[in-house]
Amino acid sequence: MVQDCGEHTLPVTGVVKKKVSRGEQLQRAQWLRAAILGANDGLLSTTSLMMGVGAAQEDQWFMILSGIAGAVAGACSMAVGEFVSVATQRDIELAVNQEYLSKENSNLQEIKLEIPKNDKTIVETYIPAVPSPGRSPVLKVVLMDAREKTKKDEKEGLPNPFKAGAASALAFLCGSLFPLVSAMAVKDYTARIVAVAVVTSVALVLFGGIGAFVGGSSVRASAARVLVGGWISMAVTYSLLKPLDSVTDKNMSKES
């Protein structure tokens with residue numbers, strides 16, 4: 001759409017694109033990377049727990065219940081840990097910003113002048129005559145508005161611990177769904193163990209690749225590291241608890 005304004009022609013568009021600052025882009029990338037890492041943690045932790053319990057007990061519902069318990073406990077732990085970490089970071093940043101503003105205000109009250117005199121430079125501190133906020137109502141209002149705006153901008157730029165905790169817990173639960181759904185879908189013991197391992201491996205590669213892409217690192221190398229680490233974790237848990245299979249069978253035979 002074009003409008004004529006006298007001699008000039010001005011283009012008028014109905015959509016105004018909002019520019020996103022570099023700080024907002026970095027903050028979004030950090031949130032996305034944290035969510036991917038939380039989902040990866042939930043995936044691997046729940047899978048390792050279910051593989052260990054499945055090695056010691058072949059019953060399907062024992063394996064599923066252990067995965068549900070691990071998912072809920074892990075999500076709560078992630079939420080509390082992320083909340084405490086972000087809240088501490090927020091308090092530190094607020095204290096640093098407040099100290100920086102107080103130093104800036106003190107520096108603004110003094111002006112250093114260099115005066116050449118007899119081939120020497122004399123530095124004198126000059127304090128400008130600024131009307132007191134108590135005597136000048138206009139200056140008082142301006143200073144109050146500036147302080148409130150500065151505090152508001154600082155709080156908006158800092159991370160929210162409640163949102164961080166909720167996002168971490170949700171990401172952990174989303175990652176835990178992959179092994180849980182696989183264990184629920186397959187009844188046979190051997191096929192269930194294989195299905196959980198295969199689905200978890202695919203999800204590990206996916207999460208590792210996405211996390212590397214967001215972080216700007218090598219996708220193949222990161223996916224390979226995450227996959228090999230997941231295999232080691234599942235293998236160690238399964239092999240350590242597999243000898244307990246005979247013990248659980250003996251106890252169940254005695255009870256029956």
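This is a predicted model: local features need pLDDT of at least 70, side-chain atom pairs count only at pLDDT 80 or more; totals for chains, interfaces and linings use all residues.
## Ground rules

Residues are counted from 1 along each chain as its sequence is written. Local features need pLDDT of at least 70 and side-chain atom pairs count only at pLDDT 80 or more, while totals for chains, interfaces and linings use all residues, and side-chain values use heavy atoms, with hydrogens and water left out.

## A patch on the surface

Let's start outside. Trp61, Leu65, Ile68, Val72 and Met184 make up a nonpolar surface patch, and together they have about 520 Å² of accessible area. Patch members have over 30% relative accessible area and no salt bridge (a Lys or Arg side-chain nitrogen within 4 Å of an Asp or Glu carboxyl oxygen); nonpolar side chains are joined within 5 Å. Areas come from the Shrake-Rupley method with a 1.4 Å probe.

Helix α2 (residues 60-108) gives the largest share, 4 residues. Helices here are DSSP runs (H or I, at least four residues), numbered from the N terminus. Leu65 sits in α2 and counts as exposed because its relative accessible area is 54%, and exposed means over 50%.

## Helix α5

At the start of α5, an Asp188 side-chain oxygen comes within 3.4 Å of the backbone nitrogen of Thr190. Just after the helix, Gly216 has a positive phi of about 85°.

## Inside the core

The largest nonpolar core has 10 residues, including Met50, Ile64, Leu180 and Ile193. Elements giving two or more residues to this core are α1 (22-56), α2, α4 (161-185) and α5, with the largest share, 3 residues, coming from α5. Core members are buried (under 20% relative accessible area) and joined through side-chain atoms within 4.5 Å.

Key
Patches are made of residues with over 30% relative accessible area and no salt bridge: like charges are joined within 9 Å, nonpolar side chains (Val, Leu, Ile, Met, Phe, Trp, Tyr) within 5 Å. Buried means under 20% relative accessible area, exposed over 50%, partly exposed in between (1.4 Å probe, protein chains only). A polar contact is a pair of N or O atoms within 3.5 Å; within protein, one must be able to donate a hydrogen and the other to accept it, and residues adjacent in sequence count only if both atoms are side-chain atoms.
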